[in-house]
Amino acid sequence: MKQTFAIGIGGAAGQGVATPGDIFAKIFSRRGLNLNAYNAYQSIIRGGHTFLTIRTGPEKVTNMGDRIDLFIPLNQDSMDRHLKLLTAGAACIYNADTIKSGAAADGVQLCPLPVSELADITRNKVAQNTLAIGAGLHMMGIGFAALEEVLREQFKKKGEAVVAENIGVARAGYDYAAAHFTAFANPLPKTENKYAILSGNVAMAMGGAAAGVKFYCAYPMSPSTGVLHWMAAHARKAGIMVRQVEDEIGVINMTIGAAQAGVRAMCATSGGGFALMSEGLGMSAMIETPVVVINCQRAGPSTGVPTKTEQGDLWQMLGAAFGDYPRIIAAPLDIGDCFKLIPELFNLADRFQCPGLVLCDLLLSEGRLSVHPNDLDFSPPIDRGELITAANGNGALSAASTNGGYKRYKITDSGVSPRAVPGLPGHIHTVATDEHQEDGVLISDEFTNPVKRRAMMEKRMRKVAGIEAAVPPPALSGPRNADVTLIGWGSTQGVIEEACELLNEQGISTNQLQIRWLVPLHGEAILEILNGSRHTIIVENNYSGQFARYLRSETSFVASGHIRKYDGEPFMPHHIADAVKEQLAGNTKLSVPMHEIMV
Amino acid sequence: MASSVQRASQLNMADLKGKVDPDWCPGCGDFGVLAALQKALVELQIPTHNVVTISGIGCSSNLPGYINTYGMHTLHGRALAVATGLKLANHELTVIVTGGDGDGFGIGGNHFVHTMRRNVDLLYIVMDNQIYGLTTGQTSPTSRVGMKTKSMPFGNIEAPVNPISLALAAGATFIARGFSGEQKHLTELIKQGIEHKGFSFLDVFSPCVTYNHDNTYQWFRPRVKKLEDDSAYDSSDWTAAMEKSLLWGEEIPIGKFFERTDVPTLHGAELVLNEGPLVHRELRVPADAARSFIKELM
C-alpha cells in the first residue's frame, strides 16, 4: 500500500479554512510530493461548515482517500462532527481555549494548543490556525524553514511586521508540538519532483488558452465560475477576449458568433446554464460552426446543490438540442486531463465542424491536484480542419466576382465542407439554422425538397463515422482475467483505480474500464472487453445509473451490478471496495455507499 | 463603424442582390427595408465580403438570404448575441443585424437591452410590423392595446413596449425610426447608423399587409413626421429625445431621435483588441506568458 498522508481542516466559511490549506499544499508540493485537495462546502459566504481534505504522498494521489491522519477543527462544530473519523495513529490539533474534544478512538492523539498562552489573540485573530500549522508540520517531520518561506510569501504584501508576527506564532506552535506532542510514525518524505497545483477549472481554462481560444464568455454559475475567473485574470497576457454575458443563452450564441468569425471560442457553465444553451448547440451543428462548451456538473435537478458534485447530466447532454446532429462528448478523467482534453476537443470540433462538449463535474472543477508541468503543454498539435484562409484568387471586391462557385455546405464523402469565414473575398454565403442546400440557400420555406433535405441530413451525419475513427476506443487497465471489472466514466478514474488496488491487495483481482469519450462511445470495442469480463460493476455518481442506461442503449450490455452515490459527495475508495465485496457475496446488485463525513 | 469601411470600386445594386428573391407577401414593408439597406451599402461602397448581415427568425429575419453579403440566419431572438461575438472576434467587419419586433423585443428582449448598454458597434434594424407574421398573425410586443389577433381575439390588453424609449433608457448611442414607405429617408438613416461608431438602433415601421390591418401604410403616411424637418430639434439632447419618443397617435416622429459619440464602443474599450482583430492573431499563447501561467501554480 502506498504511503499517503491526509489532513482534514474543518470550520465555518469565513473562518480561514482555505489559508492553512494553501500553506500545507505549497509546502507539500515544494517537497516534491503529490497532492489532491477537495473542499466540501456549502452555498454560503460566511458561516455553515466546510471541510477541506488535503492528501499528499510521494506517489500519485488521485483522490481524497479513506483516512484522515491529521485533523484540525477550527470550531466546536467541526470537532463534534469529525473526531469520530480518526483511527489509531491519527492526531487532532485544536484550540484548547475554545474547543472541547470529545471521546476519540484508541490510538488517536489529542493535541490541545493553549492558544492564548502561545500567541496574542487580541492582535492575531487567526493565531489558532497558524499555531496549528506550525504544530502539525513538526509532527509530520518537516523542518520549520519550509513554513517560514511560505508564510513570508503569503504575508509579503501586508508588510514585514505581519510577516514576523505570523512566523513567530507558527514557530511557537512548532516548538510547542516538539515539547508536548508525539510525531507521526512516518515523517513525510521529500523528492526532487516539482509540481504545479491547480483546479480542474484552471486546467480547462489553461487548456483553452493552449488550444488557441481567443474568445471566452460565461455567465457565473458554480462550479464552472473558476474557468471565467482564470480567463478574466489572464485575458490580456493570453490575448483572449473574455466577456461576462447576460445569460447562458447569450453565452452560447456569442460563442458561436465569435467562432463564425473564425476564432476558437469556448464557454463553460453548469447543468442549469447548459439547459439554456441547448438550442444554441443545435445551431452550432446546423450552421456547422465549431465551438467547445464545458458543463461542470453539480448536484441537480434544478438549482439542486450548487456546491456538491454529481454525474447527473449525461442524459441532458446526450439529449441536448432537438433533432439528430453530429457532436462530440468527452469526460475528463482527472485534473491534468482537464487541460489536455481541451486542445484535443478543439481539433476534433474544427475538423468536423460541430460542437465539442466537455462533461466535467465539481469534483474536478473545484478539486485540486498536483500536475507535472510537462503535462501542461502549451504547444499541443493544432488542426483547424478544412478552413479556407485565402481568397479564391480573383481579388476583386465587386459582388459579381464574390459569389464565385463557393458552396459552404458542399456535399462531400466525409460530410465536411470547406469552411470560409466572413471577411474573405470570393466566398460570400449565408449560414442558416433553417435547412439549406449546398450554397446555403434555405430549402425550408417555399422550396422544401425531400431529396435535398435527405442529402443534407446525410452529409452532416456522415461526420459521425469520421469522428469515430478519430477518437480512440477505451482500454482495460489491470489484469485481463480479473474477477471483477469496474466500469466508470470521467472523474471517477482515480478513486476506482485506488479501489482496484485495495481489492487486489485483499485478494479480489479487479480491473478497470474507464470511459473518457462518451460520444463516440465505441460500443463494439467496449462489448468485446466486457464480454470477456466475469463480474461487471458500473460505478457512477448519480441516482439512476445514467451511464449504465446509456451503455445498455448503445450495446444491449447489462452489467452484473451497480455502485451509485448521489449524496453530493464524491466516492472514497473504500466505498467502492466494500460495495464490490457486498455484491460478490451476492447480497445486492445495487450498492449506495453512505458518506461518513458529515458536511 | 467607419474604421471598418474600405471603399470598393463600383459596387452597384445588382452586386447586392441575393441568390434568391424574397418570399415576402407582395406589398410587405420589408421589401422597402431591403432595398434601402442595399442602397445604403452601395452609397457607402463597403466591400460586400466585409459586411455580415445577421438575423434571428421571422419573416423579416429571412433578409440575409436576400442580400449578397456574408450572412447568418440564426435563432429566434439571438441575433444580437451572435453578432456581438462575431464583431468582437473581427471588429473590422461591418455588422448589420436585422429582425422583427417579436424577435427583438419579445424573445430577444434581454439581449436587446444588454447589447445597447455595451455599445456594441453594429447597426440593428428592426422591421417593426406590430404583429407576428410568420406564425400567421399573433399579438407582438409592439401591438397596440385593443388590437385583435388570433392569439388575442378579443383585443390586446397588454401595453406595448416603446422601442425608442427603451433604447434611450438602455444607453444606445444612435437611435432612429424609419418608415418603409419613406425610402430616401430610410436609406439615409441606415447610412448614418452604419457609420455611427457604437450601437445604432433603427426601428422601422414595416407594415404587414397580411395580418396587421390597423397599422397600414395608409395609417402611417399622414402621421409620420420627420424630426429632420424640425430645425429646433437637437438629437444630442437625451431628454428631448425621450419626450419625442412618447409621441404616438396623430403625430408619430420618424428620423434620428438621438446620437452621442462620446461613448467608447465595446471593442474599442477592450485593451485585448489593441493589437488588432482576434481572428488575425497567432493561435499560440506567447511562450513567456505560458511559462508564467504555470509558474504561478508552483
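I'm working from a predicted model. In the contact I count 22 residues from domain 2 of chain A and 20 residues from domain 4 of chain A. On the domain 2 side, helix 11 (314-319), strand 12 (328-330), strand 13 (356-361) and helix 13 (362-366) of chain A each give two or more residues. That side has 14 nonpolar, 3 polar and 5 charged residues.

I found A:Gln512 in strand 20 (residues 510-515) of chain A. Buried or exposed, I wondered, is A:Gln512? A:Gln512 has 21 other C-beta atoms within 10 Å, and the cut-off is 20 or more, so it is buried. Leaving out residues up to four places away in sequence, its contacts include A:Ser477, A:Leu486 and A:Cys500. I also noted A:Ala475, 37 residues off in sequence but 8.7 Å away, C-alpha to C-alpha.

The contact takes 64 residues from chain A and 56 residues from chain B. Helix 2 of chain B gives the largest share of the chain B side, 8 residues. By class, I get 30 nonpolar, 18 polar and 8 charged residues on that side. Strand 17 (residues 430-432) of chain A pairs with strand 2 of chain B, parallel, over 3 bridges. There, I see A:Ala432 bridged to B:His73.

Terms used
Residues are numbered from 1 along each chain as its sequence is written. Chains are lettered from A and ligands numbered from 1 in the order in which they are written. This is a predicted model: local features need pLDDT of at least 70, side-chain atom pairs count only at pLDDT 80 or more; totals for chains, interfaces and linings use all residues. Two residues are in contact if their C-beta atoms, placed from the backbone, lie within 7 Å. Helices (H or I, at least four residues) and strands (E, at least two) are DSSP runs, numbered from the N terminus. Ala, Val, Leu, Ile, Met, Phe, Trp, Tyr, Cys and Pro count as nonpolar, Asp, Glu, Lys and Arg as charged, and the others, Gly among them, as polar. A residue is buried if 20 or more other C-beta atoms lie within 10 Å of its own, exposed if 12 or fewer, and partly exposed in between; C-beta atoms are placed from the backbone. Two strands pair if DSSP finds at least two bridges between them.
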